[in-house]
Amino acid sequence: MFTPNAVEQKLRKLKVTSSAGPDGLQALLLKNLAHELARPFSVLFTISYDLSLLPDIWRVALVSPILKKGLSSDVSNYRPISLTCIACKIMESIIRDQLMSYLLRNKLITKQQHGFLSRHSTCSQLIECIDDWSLSINSRQNVDVIYIDFSKAFDCVIHSKLLAKLASYGICGKLLLWIQNFLSGRSQAVKVGRYVSSFSDVLSGVPQGSVLGPLLFLLFINDITDIFGENLTVKLYADDVKIYSVIDHDGRAAELQQGLADLFHWCTKWQMKINVQKCSVLTLGRACFNHLYSIDNESLPRVKSVKDLGVHVDSNLRFSSHYDDIVAKAHQRAALILRCFECREPLLLFRAFSVYVRPILEYCSPVWNPVYIGDIKRIEAVQRRFTKKLSGYRHISYDTRLRLLRAESLELRRLKLDLIMMYKILHGLVAVDTLFNVRLDVITRGDCKILKPHCNVNSRAHSFACRQLNCWNSLPNDVRNASSVFVFKRLLSKCDFTDFTVLHVS
């Protein structure tokens, strides 16, 4: 397992910007000496694995608090990220690869989990959810979605119960003993700047910031999907859980309430705590029903919109609140760039805009890509306004500004991101349940086009599964059947999308 070649490959892939752990060894040093260190590390890892022992320094972590949201003065708003020894992370990475291969080969990880897995992301999960919800709304049905929030989920994992679950998945022998030693006897201290607190023992939880920790947590929470009935759907992204069901009569609401009761029982058994105050219920559709749901006799609040994995989802799938949020944040950050950069070179400033502002406007865009001209113009105004303030660009048109900056409109970029996601889904590069009805047509010599379904409501017609079908089907045959994502992107740059954009700019 720990061959010199495997170790050297991991060392060469180290990010030089990674922070050093408690042992002080820098990633840059280890990467530059990858060939020389590969064999000694290989021997060290093999001995550690065979004896199920770790150096004491490998079980020490320096915790760096990262602000999640809210007031910076409230310690509960911080996420603890553990800085551990890079050498240990190399060994963890090799173990994780082998363990993940075993789990996927035997289909032991639930397909409803989208966190920390290849071919999965927040976008893949949201696309699946929006497709389910828009289909129900298209059939004139309501959907109740319940968002579950766990209190400090990663820190509450009981080691003995985690090890029991690992054994149930067939993880045994030296590997199980090594993981047990990896979890036990840990200590940590908080590091802020140059200051370090006193060390304290870690009695539970998986270390956030480690390589193996996220996978261990996925296995701990993996069986949560088994407790719900067949009429309930549960989606996971690490510890983010949402449960939903079509509510067409009182019996379905009772099933959903029973699912919450079963979830609370599961949490009691495995010592996970639900933060009921941060849970919520969102009704999608015409909201003819107004059922009350509770957990441990505490009622769950109903909301008109909720931030779901970074995207604001509202009851009619219109995403208006999401547009408001990203546009406000993007304008604020764009203004900071113009105010803080001393250099006034347009290409440099626009590069900063592309790095720090554009990701805000494009995160998960296949989920919420707008089709109404007012929303499209409002988002485009961020880039339009920023480029107009660049030196020498005030009195030239937006289209000319983009050509000088060798850039594209945000609308065109979102269109291409939609098409790229469609390509990845159709070619199995993203793990999303089948969204499209593809028919092989002999007349078109084996070319596959997507059949466009009938849509009764805008929320379905504007969803990812339906929004760009005409554009996809209009692509040349060689583009749709490109041999790789890289080739597909290159061919897209040569296509004319004038008929599928509103703003008609490059």
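Leu-53 is located in the loop that joins helix 3 (34-51) to strand 1, where helices (H or I, at least four residues) and strands (E, at least two) are DSSP runs numbered from the N terminus. With a relative accessible area of 48%, Leu-53 is partly exposed; buried denotes under 20% relative accessible area, exposed over 50%, and partly exposed the range in between (1.4 Å probe, protein chains only). The model is a predicted one, in which local features need pLDDT of at least 70 and side-chain atom pairs count only at pLDDT 80 or more, whereas totals for chains, interfaces and linings use all residues. Residues are numbered from 1 along each chain as its sequence is written, and side-chain values use heavy atoms, with hydrogens and water left out.

Leu-53 belongs to a nonpolar surface patch that also contains Val-43, Ile-47 and Leu-51, and together these residues have about 380 Å² of accessible area. Patches consist of residues with over 30% relative accessible area and no salt bridge, like charges being joined within 9 Å and nonpolar side chains (Val, Leu, Ile, Met, Phe, Trp, Tyr) within 5 Å. Accessible areas come from the Shrake-Rupley method with a 1.4 Å probe, and for residues only the protein chains shown count as cover. A patch of positive charge is also found on the surface, formed by Lys-68, Lys-69, Arg-79, Lys-152, Lys-278 and Lys-307.

Salt bridges were considered next. With a salt bridge defined as a side-chain nitrogen of Lys or Arg within 4 Å of a carboxyl oxygen of Asp or Glu, the count comes to 18. One of them pairs Asp-56 with Arg-59, whose closest N and O atoms are 2.9 Å apart.

Arg-318 is partly exposed, with 29% relative accessible area, while Asp-375 is buried at 8%. Arg-318 and Asp-375 are linked with Asp-324 and Arg-378 in a network of salt bridges. The loop between strand 14 and helix 10 also holds Leu-317, a residue other than glycine with a positive phi, near 55°. Leu-317 is buried, its relative accessible area being 8%.

In helix 15 (residues 398-404), Arg-403 and Asp-399 lie 4 residues apart, about one turn of the helix. Their side chains meet in a salt bridge of 2.5 Å, N to O. An α-helix has 3.6 residues a turn, so residues three or four places apart point the same way. Asp-399 is partly exposed, at 24% relative accessible area. Arg-406, in the loop between helix 15 and helix 16 (410-426), has a positive phi of about 55° although it is not a glycine. Arg-406 is exposed, at 68% relative accessibility.

Helix 8 (residues 213-221) is mostly covered, 9 of its 9 residues being buried. Among the elements covering these residues are helix 4 (86-105), helix 6 (159-168), helix 7 (173-183), strand 7 (233-237), strand 8 (240-247) and helix 9 (250-270).

Two further buried residues lie in loops. His-291, between strand 9 (280-284) and strand 10 (294-295), counts as buried because its relative accessibility is 17%. Neighbours within four places in sequence aside, His-291 is in contact (heavy atoms within 4.5 Å) with Ile-247, Asp-250, Ala-253 and Arg-302. Leu-475, between helix 19 (469-474) and helix 20 (477-480), is buried at 5% relative accessible area. With neighbours within four places in sequence again left aside, the contacts of Leu-475 are Leu-419, Arg-480, Phe-488, Leu-492, Cys-495 and Phe-497. Leu-475 and Arg-344 are separated by 131 residues in sequence and by 40 Å in space, C-alpha to C-alpha.

Definitions and conventions:
Lys and Arg count as positive and Asp and Glu as negative; His and the chain ends are not counted. The place of a charge is taken as NZ of Lys, CZ of Arg, CG of Asp or CD of Glu.
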